[in-house]
Structure formats: C-alpha cells, structure tokens
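Here is a short briefing on a surface charge patch and on aromatic ring pairs. Please look at the sequence and the structure first.

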Amino acid sequence: QTRNPYDPLRTPCGSSSGSGVAVAANLATVAVGTETDGSVICPASINGIVGIKPTLGLISRSGIIPIAHSQDTAGPMARTVRDAALLLSAMTGRDARDPASADAPETVPDYTANLAADGLAGRRIGVIRNYSGAGSQPDVERVFEASIRALEDAGAEIVDDIELDTEDAGDHEYTVLLYEFKHDLAAYLEESGAPYKNLDELIAFNEANADEVMPLFGQEIFLAAAEKGPLTDAEYETALRESKRIMRSALDEALAAGELDALIAPSNGPAWMIDHINGDTFSVGSSSYAAVSGYPSITVPAGFASTVPLGISFIGEPFSEQALIEIGYAFEQATQARRPPPE
C-alpha cells in the first residue's frame, strides 16, 4: 500500500500514486505518471505537487500498459512547474508506433522559455462552478476562492460562474473504457510477448490465484470489460462519439465565448482515509473535462485542508501546454502554496 507522505493513513490517490509520492517525499526530482482520467492529476494534487496531463498525442504511448487509447497519455510530475515543464519538453515528440503522436509539434517546444512571475497579467481565466462534488467540501471551496483572488491580484481577468453542460458524458466514457480496455490490453499483451494473451486468460489466472492476487478486492471491471464486443459495435462507436462531442463542445464553447486562456477548477478533494473494506471515497474532482476531451490540464498546489494538500487545475484548448505552464508558473510564484511533507 503506497501511502500519502502528508498523512500515512490517507490515500495517495491513484493510479500513479508511486510517482506522486516519490516526488512529494523528495525521493525523486521528477517522475512520470499515466492518466486515463485523473491518474496524473489526482496523485499530483493530493500529494502536493505539479502534474501535467498533456494533449492526447503530444507524448507517445508506446510501451504503456493501456486502459483506453482514446484517453491514455503519460505526463510529468514534479515539485515545481519549471521541473514539470522541463520533463515535458524531454518527453514530447512524434513516434511512428503511436499514430496519435503525428499531431505533436514537429519541433519540440522549450516549455520553460517564457516562465515569468508576471505571467498572469492580461490572461483571461474562466471559473468552472459545476465540477464533480461542487460545494460539498468547505476546505476545497475556501482554497478555491483564495486561488481565484490570487489570480486576480496577480493580474488575471476572471470570468466567473461558468457551468459546463456535460450530462451523460460520464456514462459514455465508462462504456468506452470497457471496450477499449479489452481491445487495447490484448494488443499490448501480444506485442509484448506476455505469457497471457487476452483479458479472459488474465481473469482465469486471477480466479485460480484469488487468495494471493485478490485478497482485498475483486475483478469486477475485468469481468465487465470481458463481456464487451469488438470496437465495431454500435454501442462503442456511439459512446466514443458522444463522449468526445459532449466534452469538447462544452470546453470549446466556454473558451471561445469568454475569449479565455484557461479554465480553472479544484483538482480534487482532500485525501481520504485508506479503507480496504469500503474502498475509495472520492468527493471533488475535475479531471474528466480534460481526460475525455483529450485536452491539456495542469494541477498546481493551491493550499491545504488541515494538513493535506489541495490543488487547482488549469484546462486549455488542444496543444496549449505552453500557455497553461506559464499561467501555472505565475500562480505558483504568486501563492507559494506548497509546503513539503513532515519529516
């Protein structure tokens, strides 16, 4: 069990929890996480570090054990925006093995080139008010409101009360993930030469070794994915089309209508207690907007709920990482919100 360095009884969030904890606890300067929906943003924010979920296709996914090719991407995690930007520059590039990376820039950007403490001057920032769990956690609301004031004090123009219409996107997303997990995992196992060739064989292995490999949890998601058909099924094609349309339309309309450089929302609620009986108890989250659309986001430390960190996420249009990093860096310099975990 990976543990949160700010409170070992609380979750480090997943799935890239090891990367988040290693950076937060000063065991590494930078690390790489892999996100389908929140697996960079959540462990970064809950462990009080910076995490970048890049535009789908900016970074090659070759060699990554997949969940869903329409959402999966690696991303850098670091204690500062500058360090995360340095790693992003090193990771960015086209790869013939990953067709999505054909959209990556021909010339790798230096994402640290224009970092400045006054980088918020004149930026237009939209405030999302209907993120998941909105209004359910007083500490999140307190830190979020303080972050909005800090952005404004640093020169940003705030466009408030933005509500994104994303109803039904979550159900469509889950359907997509089940279909793509079954398909993408089989392709990965075949390419890697693994002794198991598909999801059915993994399910059988788990059932045969349940006491050892599943002492605390089952494989309900494996079983649900195994029941899905090929990627030519109408159910999959509809879910993929609708999930992308709903999320992209909501973000595109908000960004264009307000002439915005970025949208902001709380990254997550406070780290919850580790509970192997009841499982995870998520409260607040905003990662789905960027994850499902394939757009970029960056989470930056913003404050604390008692002793555990909270982050704020900046979300932008495709391949706007440069602007988001500059905005995130200026916010970081203005607030100096991160504190290291207790020794």
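Helices and strands here are DSSP runs, numbered from the N terminus; a helix needs at least four residues and a strand at least two. The model is predicted. By that numbering, Asp168 sits in the loop between strand 5 (157-162) and helix 5 (169-192).

**Surface charge**
- Asp168 belongs to a patch of negative charge on the surface.
- The patch also gathers Asp165, Glu167, Asp171, Asp252, Glu253 and Glu317.
- Asp168 has a relative accessible area of 46%, so it is partly exposed.

**Aromatic pairs: Tyr131 and Phe144**
- The whole structure holds seven aromatic pairs.
- In one of them, the ring centres of Tyr131 and Phe144 are 6.0 Å apart.
- Their planes stand at 90°, so this pair is edge-to-face.
- Tyr131 lies in the loop between strand 4 (124-128) and helix 4 (138-153), and Phe144 lies in helix 4.
- The pair therefore ties together parts that are 13 residues apart in sequence.
- Tyr131 is buried, at a relative accessible area of 4%.
- Phe144 is buried as well, at 2%.

**Aromatic pairs: Phe181 and Phe222**
- The ring centres of Phe181 and Phe222 are 5.5 Å apart.
- Their planes meet at 45°, so the pair is tilted.
- This pair links distant parts of the chain: Phe181 is in helix 5 and Phe222 in helix 8 (residues 220-226), 41 residues apart.
- Phe181 is buried, with a relative accessible area of 11%.
- Phe222 is partly exposed, with a relative accessible area of 23%.

Notes:
Residues numbered from 1 in each chain as written. Predicted model: local features only at pLDDT ≥ 70, side-chain atom pairs only at ≥ 80, totals over all residues. Heavy atoms only, no water. Patch = residues over 30% accessible without salt bridge, like charges linked within 9 Å, V, L, I, M, F, W, Y side chains within 5 Å. Areas by Shrake-Rupley, 256 points an atom, 1.4 Å probe, with all protein chains shown as cover. Salt bridge = Lys/Arg side-chain N within 4 Å of Asp/Glu carboxyl O. Lys, Arg positive; Asp, Glu negative; His and termini not counted. Charge placed at Lys NZ, Arg CZ, Asp CG, Glu CD. Buried < 20%, exposed > 50% of the residue type's maximum accessible area, 1.4 Å probe, protein only. Phe/Tyr/Trp six-rings, centres within 6.5 Å; stacked < 30°, edge-to-face > 60°.
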